[in-house]
Amino acid sequence: MSEGSSNIKDLVGSEDAYQKSNSFSDFVLAPEKFEKVRGKLQAALERLDSNIGELSEDDALAKKAASCLLGKEKADGDVDFSLTPNVAGDLSRISDQDYDRYLRYRYRYEVYPVIRKLDEFPPCVQIEPTSMCNLRCVFCYQTDSRLTHRKEGHMGRMPLERFKTLIDQLEGKCEAVTLASRGEPTLCKDLPEMLKYMSGKFLAAKVNTNATKLTEDLCHALLSTEGLTVVFSADAAEEPLYSQLRVNSDLETVLKNIGMFNDIRTKHYKNSNILTRVSGVRVNSQQNIDDMTKVWGDMVDQIAFVDYNPWENSYDRDPVGEDRPCSDLWRRMFVWWDGKVNPCDVDYRSHLQVGNVDNGGIGALWHSEDYDRLRNNHLEGSRGKVSPCNRCTFI
């Protein structure tokens, strides 16, 4: 049994399906942002409508996306593609010249995985600068010694050259690139150089951090990265709950560090298009979005909770009986620090590994036989025969 299971089993126990396309259970965004975005969406729709002649495939997709977000049209497959707070937040900082590009990306990210349409490249790629973490959050796979023990071979940091090769492959093909997965990105010494290399190349770039190791230099490196969303992971607004959930951390340190980040932003980066978010994993009723807003609201642009899923015991709990296909097989690819490519991070010990980026490109691996075999298993109702898919509720 994984080490973290006994720490959390009394807090939660839901086996409900986890809607991966929108895992936010709460999201706080200023109302005026919605009005601004709706106006820009309407302008984009009118501009695309005014084009003389037949629209290109790209323009037609951007037009459809704008129409859906405005509630004027339904997405393919009757998918609910609407203007959610996180999408409105993204669009509020996108330049007019990049609006169509973002709309195409977001439609592909939300709709294609639900209708099982396989794009040329994954709509989202999560790159792991390091698999190591200084915390042992009770809901995280870092509590499993079969991942973290040195002899298992899962711990390490991505070489800068491998990272640059990945970015070169993804530029122009993928908009959502997230630096995070099993570990804490700020523990990677090359993170500032990684951020510099990817700056301005993606419309939906993101870094997740627990904010415990922020320094002034790291703050400047993050704030200098064009088009970035920085997600500070925090699950509570008061002690002792914060430290009970984020073991080895404390609220005072994180408040101080995010305050420092915000001060540097206000003083040196007033015109930056960066977005900041405090996001927590909701595991019980003690966590309150109003309390979170009172504590974090003056420091960040957005505050959110995501639903809990039992990541910490992917290999140990009983099969859950979920036969519906997982949409992430059409949405997201994970690249670990050592180049291994995995279809998800619920499988944090890489039982489902589909290859290595050192031996094949992102596009080729996305369309590889191993990836397609896994997708077909899910489509044909054989998810229950695949581990750990049979213990996961993601759809």
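**Exercise 1: Helix 2 and its partners**

In this predicted model, Leu41, Leu45, Leu48 and Asp49 of helix 2 are in contact with Asp59, Ala62, Lys63, Ala66, Ser67 and Leu69 of helix 3. Task: describe what kinds of residue make up this contact, and determine how the axes of helix 2 and helix 3 are oriented.

Solution. Sorting the residues of the contact by class gives six nonpolar, one polar and three charged. For the geometry, the axes of helix 2 and helix 3 (residues 57–69) come within 9 Å and cross at roughly 140°. Angles over 145 degrees would count as roughly antiparallel, and helix 2 and helix 3 are therefore classed as oblique to each other. As to handedness, helix 2 passes helix 3 in a left-handed crossing.

Solution. The axes of helix 2 (residues 31–49) and helix 5 (residues 99–110) come within 11 Å, with a crossing angle of roughly 100°.

**Exercise 2: The surroundings of helix 10**

Task: identify which residues of helix 10 are buried, what covers them, and how helix 9 packs against helix 10.

Solution. Within helix 10 (residues 216–223), the buried residues are Leu218, Cys219, Ala221, Leu222 and Leu223. Their cover includes helix 9 (191–198), strand 4 (204–209), strand 5 (228–233) and helix 12 (251–268). Taking helix 9 from this list, its axis and that of helix 10 come within 9 Å and cross at roughly 15°; helix 9 and helix 10 are therefore roughly parallel to each other, and the crossing of helix 9 past helix 10 is left-handed. The contact brings Leu191, Pro192 and Leu195 in helix 9 against Leu218, Ala221 and Leu222 in helix 10. Its residues divide into six nonpolar, no polar and no charged.

**Exercise 3: Aromatic pairs**

Task: state how many aromatic pairs the structure holds, and characterise the pair of Tyr107 with Tyr112 and the pair of Tyr315 with Tyr348.

Solution. The structure holds nine aromatic pairs. One of them joins Tyr107 and Tyr112 edge-to-face, at 6.2 Å centre to centre and with 90° between the planes. Tyr107 and Tyr112 are both buried. Another pair, Tyr315 with Tyr348, is also edge-to-face, with 5.0 Å between the centres and 80° between the planes. This pair links distant parts of the chain, 33 residues apart, since Tyr315 lies in the loop between strand 7 (302–307) and strand 8 (332–335), and Tyr348 in the loop between strand 9 (340–342) and strand 10 (355–356). Both Tyr315 and Tyr348 are buried. Finally, ring pairs link Phe81, Tyr107 and Tyr112 into a cluster.

**Exercise 4: Phe394**

Task: is Phe394 buried or exposed, and where does it lie?

Solution. Phe394 is found in the segment after helix 15 (369–379). Its relative accessible area is 2%, and Phe394 is buried. The C-alpha atoms of Phe394 and Glu322 are separated by 8.5 Å, although the two residues are 72 residues apart along the chain.

Key
Residues are numbered from 1 along each chain as its sequence is written. This is a predicted model: local features need pLDDT of at least 70, side-chain atom pairs count only at pLDDT 80 or more; totals for chains, interfaces and linings use all residues. Side-chain values use heavy atoms; hydrogens and water are left out. Axes are lines fitted to C-alpha atoms, for helices over the stretch in contact, and angles run from 0 to 180 degrees between N-to-C directions. Helices (H or I, at least four residues) and strands (E, at least two) are DSSP runs, numbered from the N terminus. Buried means under 20% relative accessible area, exposed over 50%, partly exposed in between (1.4 Å probe, protein chains only). Contact means heavy atoms within 4.5 Å. Angles under 35 degrees count as roughly parallel, over 145 as roughly antiparallel, 65 to 115 as roughly perpendicular and the rest as oblique. A crossing is left-handed if the near helix is turned anticlockwise from the far one by less than a right angle, and right-handed if clockwise. Ala, Val, Leu, Ile, Met, Phe, Trp, Tyr, Cys and Pro count as nonpolar, Asp, Glu, Lys and Arg as charged, and the others, Gly among them, as polar. Rings of Phe, Tyr and Trp (its six-membered ring) pair if their centres lie within 6.5 Å; planes under 30 degrees apart count as stacked, over 60 as edge-to-face and the rest as tilted.
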